[in-house]
Amino acid sequence: MQAALEPHPRWCTQCRASFRTDFARCPVDGAVIEESATDPLLGMMFGHYVIDSFLGEGGMSRVYRAHHSLLEHKQFALKVMMGEFAATLEMRMRFAQEADAASQLDHPNVVSVVDFGKTDGGLMFIAMDLVSGRSLATLISEEAPIAPKRAISLTRQIALGLSHAHGRGLVHRDLKPDNIIVTNAPEVARIVDFGLAIPVDDERSTRLTSVGFAVGTPIYAAPEQTHNAPVDHRADLFALGVTLYEMLAGIPPFAGGTADLIRLNASDIFPPFTARSGVEVPPVVEAIVRKLMRNDPAARYATAADLIDALDEQAADATVQMAAVSLAAAPQRRSALRWAVPLAILAVGAIAIAAVVATRAPAPVARPVEPVVAAVQPPPPKPAPVATPEPATPEIVAPVTPDPKPATGSAPAPKPAPKQRPAITTQPTKPATEATISTKPPETGAVPPPEQPVEKVPVPAPTPVPDKPSPAPIPLPRPLWTSATVGIAALRVRGSLTDADVRRAIERGLPAMRACYQRTARDAKKSPAATARITLAFDDSRRATNVAAVAPSFPALASCVRAAAEELRVQIAPDVGTVDVVVDLAFTPVAP
């Protein structure tokens with residue numbers, strides 16, 4: 001069942017049947033069909049039930065909230081058949097078949113049917129338990145991919161409901177996410193719509209197959225349903241496998257038109273999750289899905305009970321394995337982080353020590369016989385006295401400011417005065433005001449020279465400081481670009497129309513979507529890149545219905561996009577029921 005729609009505007013003036021097609025008169029009673037802004041069924045009595053409000057719309061009926069006429073607080077869901085379907089004998093048989101089949105079932109994972117009837121005007125209805133929740137199809141579209149643990153829990157509940165139905169000889173034949181309601185707090189899955197649930201030995205199955213309704217929905221139909229082969233309860237297991245695949249991956253295992261889906265379902269090809277959607281699924285869970293989707297019924301699980309056992313055993317193992325992997329990976333990450341910081345500190349410390357050693361290391365002793373000493377020429381403006389070196393320990397003598405009277409020494413200078421031995425420093429000699437450090441105290445009794453020579457520690461050359469990168473220029477604000485390109489980023493179609501048919505319809509509406517962006521950006525005075533997700537349905541009228549749109553990065557865009565999407569039209573009508581569509585649009589600003 002789809003999400004709630006606005007009350008349908010066209011109604012039979014006599015029996016009050018609703019119509020989605022362009023009938024001029026009601027095919028049941030011949031009365032005129034007129035448009036109405038209100039739903040004429042609200043407040044109407046159907047047997048013992050009074051209709052209170054509209055809930056939703058399915059492929060062949062509309063669903064209402066109702067209460068018992070004598071028990072006001074007893075709530076029910078009332079399914080009322082649409083007028084165009086009530087015109088054919090086969091569809092009336094199918095509607096009655098659903099009531100009869102579901103009335104045999106009483107299980108927490110099945111929506112029970114409590115009554116069936118027809119109004120004086122000929123409207124057929126089914127009274128069911130009222131279940132508050134959303135369809136599994138809606139849950140998948142909003143939250144998929146679903147975590148394996150949660151998907152397995154939902155699958156197990158669906159299997160329990162199927163096991164109950166199979167035990168009474170009933171095969172659903174149209175199991176799909178649209179026919180599963182999920183309640184909240186606690187989360188419980190319940191199966192609805194047993195319109196194709198016919199006992200396998202019932203001759204009515206052949207009659208309904210001849211008009212094309214026993215096939216089910218092609219995406220979920222087992223190969224035996226589409227190839228005129230015997231059908232039993234294992235067809236429901238195939239459909240459940242496709243449903244589980246879609247919960248885990250977020251998309252069905254195959255895409256394409258009806259013929260493509262029928263061929264691929266029968267090919268026994270299983271697309272791995274990582275290749276199809278990029279989602280990682282535990283191998284044991286993937287093996288369960290693969291076995292459910294085998295094209296040979298004998299290769300699947302024999303019963304729903306066997307599937308439940310496999311889910312309980314293998315899925316539990318998968319949960320343990322996943323938890324073990326997570327716990328094993330966590331210490332490795334913590335260990336890596338624990339050693340990364342100390343190693344980084346040691347590395348920085350080693351670099352700092354090396355720099356200090358390089359800058360504080362003593363300068364090499366000058367030797368008069370080495371060419372490198374002679375090659376160093378000081379730039380003194382005047383001759384400087386030469387200090388006599390000690391024989392045992394040569395000293396590095398820094399030039400000092402000369403005395404007015406030159407000092408005499410006993411030892412001859414090794415070279416002429418203009419080329420006296422210089423001190424090896426890394427900077428040019430400075431005046432005597434330069435800071436000096438005396439490292440050798442004067443000996444007792446020694447006659448000091450006129451000015452006691454001291455060892456000057458050469459000032460090391462400053463460590464070159466790399467140039468600081470120029471600060472990044474402050475980006476100027478981009479001018480307002482109200483123009484944008486728009487394209488289809490993703491498209492998902494569920495129903496009897498092909499992706500190509502739906503894509504063509506959406507592409508015809510892209511100019512209107514582009515105009516939406518231009519108006520919204522101009523009004524908002526900003527033009528960000530944005531995405532918009534649109535959900536809608538195409539029915540027999542070929543028009544888009546039940547349209548909703550969201551644009552998380554540019555919320556102001558959503559309302560305009562929704563209005564533009566309501567004008568979408570497909571060129572051909574769906575074969576059966578409605579077609580659900582989810583499309584993601586990407587808006588990229590461009591320079592005007």
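Predicted model: local features only at pLDDT ≥ 70, side-chain atom pairs only at ≥ 80, totals over all residues.
Helix 14 covers residues 510-524 and helix 15 covers residues 557-565, and the two pack at an angle of about 155° with their axes 9 Å apart. If you look along the crossing, helix 14 passes helix 15 in a right-handed sense.

Next, show the side chains where the helices touch: on helix 14 these are Ala512, Met513, Cys516, Tyr517, Arg519 and Thr520, which meet Leu557, Cys560, Val561, Ala564 and Ala565 on helix 15. Sorted by class, this contact consists of nine nonpolar residues, one polar residue and one charged residue.

Within that set, select Cys516 and Cys560, which a disulfide joins with an S to S distance of 2.1 Å. The torsion about their S-S bond is about -80°, so the disulfide is left-handed. The bond links distant parts of the chain, since Cys516 lies in helix 14 and Cys560 in helix 15, 44 residues apart. Both Cys516 and Cys560 are buried, and the count for the model comes to one disulfide.

Finally, move to Cys15, which is in no disulfide and whose nearest cysteine sulfur, that of Cys12, is 3.5 Å away. Cys15 has 4% relative accessibility and therefore counts as buried. With 3% relative accessibility, Cys26 counts as buried.

Methods: Residues numbered from 1 in each chain as written. Heavy atoms only, no water. Axes fitted to C-alpha atoms, helices over the stretch in contact; angles between N-to-C directions. Helix = DSSP H or I, 4+ residues; strand = E, 2+ residues; numbered from the N terminus. Left-handed = near helix turned anticlockwise from the far one by under 90°. Contact = heavy atoms within 4.5 Å. Nonpolar A, V, L, I, M, F, W, Y, C, P; charged D, E, K, R; others polar. Disulfide = S-S within 2.5 Å. Buried < 20%, exposed > 50% of the residue type's maximum accessible area, 1.4 Å probe, protein only.
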